[in-house]
Amino acid sequence: MKAADFAYEKPDNLNAALELLAREDCDMQVLAGGQSLMPMMNFRLAQPELLVDLNGVSELSFIEEQPETITIGAMTRYANLAASDVIKEHVPLFQMALPHIAHSAVRNRGTIGGSTALADPAAEMPALLLALEATITVVSVGGAREIPANDFFLGLYETALQDGEIIKSIAIKKAKPQNRFGFYELARRHGDYAMAGVAIASTSIDPVCDLRIALFSVSDKAHRLPHAELAFEGENLDDTEARDAAFQELDDFDFRGDLNADGDTKRHLARVVLTRALETMMP
Amino acid sequence: MSQSCDISLRVNGETVRERVPVRLNLVDFLRNSLGLTGSHVGCEHGVCGACTMEVDGTMVRGCLMLAVQADGSDITTIEGFGEHQRAVDLQAAFKRNNALQCGFCTPGMMASALEYIEAGGVADRSAIREHLSGNYCRCTGYQSIVDAVVEVIGERAAK
Ligand SMILES: Cc1cc2nc3c(=O)[nH]c(=O)nc-3n(C[C@H](O)[C@H](O)[C@H](O)COP(=O)(O)OP(=O)(O)OC[C@H]3O[C@@H](n4cnc5c(N)ncnc54)[C@H](O)[C@@H]3O)c2cc1C
Ligand code: FES
Ligand code: FES
């Protein structure tokens, strides 16, 4: 199908974009990579009256290195992230996950801000940001707010973004030499949305300190596993009691099925991806 | 009333100026307004890859970009790849290996294959399959397509 009619604006700077977004007289959406919004519009699942194209706002496309953090502009595309030496060196978890996000032509357009704002339960990016305890900066004409990833993803396609606000950038702490990361997903075909996946970050693993486990494509949104994280604290990654506690948490977890798999299958796959991701992290 | 915009872009080396409705997507513009029917339209939601084409040096889905977004861009479609010698060997290898039957997927498949080859991709079958995973072919079973790409990588390396 074809998109329903809409009005189109392509501001060339952030302030102009925010002014447009402050308008209250029509139903609008911002267009980033278009790799989710355009399909939704073509299927008429989305019918904005006004489309505000952010592709002319070059100040939203950057990867910036500071002493402790890496800050990434919302319009930075997956392909830019994958090609960046700064990301390779300082955000190794992205490096592990990016090849699994969609296909090359989609990664050439899709943006980190678009995926974060969409909060698709099957997407990798929200889980990566949860595991990395990233901070999301959102802006509107009224000013900026910084939101920890833990408070940003609220539910199925639901985030802390309010009307008139867009994501400006995402800040991630640089990895230190003792930090360890793990990533694993199961998909029917490479590049398809995962049937289940997990992203893991840890301050150190010998013994485990500050483990963060984020599951995706198993429920309404990406979820951390707080009990499992606590059970591993001070132990080794192959500790069987901690693993049993993690599996117990999965037994109690509210898995939700989708077109690919029902809740019970997701529960099984969650065990598989968690076990395999932890294995890849073992010394 | 539909909003329209004037756009000016280069398509396969030629300058084009047109007025387009903003809701018109890029692949429909190329096919219906310019008569460049090489790029195909399958799913219109980014899944099949039949509309894959090059915009400013990167391969993208023509169904997920608006024509108005291509204002100022430099676009190459299968027609251009063939004409400008970038894919002559790939086209020959597709033919030799029976890497196409109905041909519906072929323009997009070649665009994705070219992206892999021109980026210096190696003749590793699983890496090639991974790269082409975003392009559906309902005829060949992919084996012969991978064969063709492997051959071209070998031929170009030997030059
Ligand atoms: C064939 C195919 C396979 C895919 N496979 C995967 C996959 O395996 N994993 C995965 O994670 N994704 C996958 N995707 C989706 C892809 O990652 C999208 O690029 C991503 O979900 C959205 O990013 P975008 O930049 O394209 O955003 P858009 O589609 O432009 O926008 C998405 C939504 O976010 C809003 N938005 C965009 N930017 C901002 C901003 N800065 N601030 C506030 N709101 C904003 C838009 O208004 C819209 O509602 C796939 C897509 C396709 C077509
Ligand atoms: S028509 Fe564009 S990907 Fe199928
Ligand atoms: S040759 Fe028919 S779809 Fe590929």
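Mentor: Let's take the interface, then a sheet. This is a predicted model, where local features need pLDDT of at least 70, side-chain atom pairs count only at pLDDT 80 or more, and totals for chains, interfaces and linings use all residues. Residues are numbered from 1 along each chain as its sequence is written, chains are lettered from A and ligands numbered from 1 in the order in which they are written, and side-chain values use heavy atoms, with hydrogens and water left out.

Trainee: How many residues does the contact take from chain B and chain A?
Mentor: Chain B gives 28 residues and chain A gives 29 residues. Contact means heavy atoms within 4.5 Å.

Trainee: And what area is buried between chain B and chain A?
Mentor: About 2,400 Å², with carbon and sulfur atoms giving 50%. Buried area is the accessible area (1.4 Å probe) that two parts lose on being put together, summed over both.

Trainee: Which residues in chain B lose the most area to chain A?
Mentor: Arg23(B), Leu64(B) and Gln69(B), together 25% of what that side buries.

Trainee: How many salt bridges are there between chain B and chain A?
Mentor: Two. Lys2(A) forms a salt bridge with Glu44(B), with the closest N and O atoms 2.4 Å apart. The term means a side-chain nitrogen of Lys or Arg within 4 Å of a carboxyl oxygen of Asp or Glu.

Trainee: New topic. In what order do the four strands of the open sheet in chain A come?
Mentor: The order is 11-12-13-14, with antiparallel pairing. Strands (E, at least two residues) are DSSP runs, numbered from the N terminus, and two pair if DSSP finds at least two bridges between them.

Trainee: Which strands stand at the edges?
Mentor: Strand 11 (180–186) and strand 14 (223–224) of chain A. Each has a single partner strand, so one side of each is left without a neighbour in the sheet.
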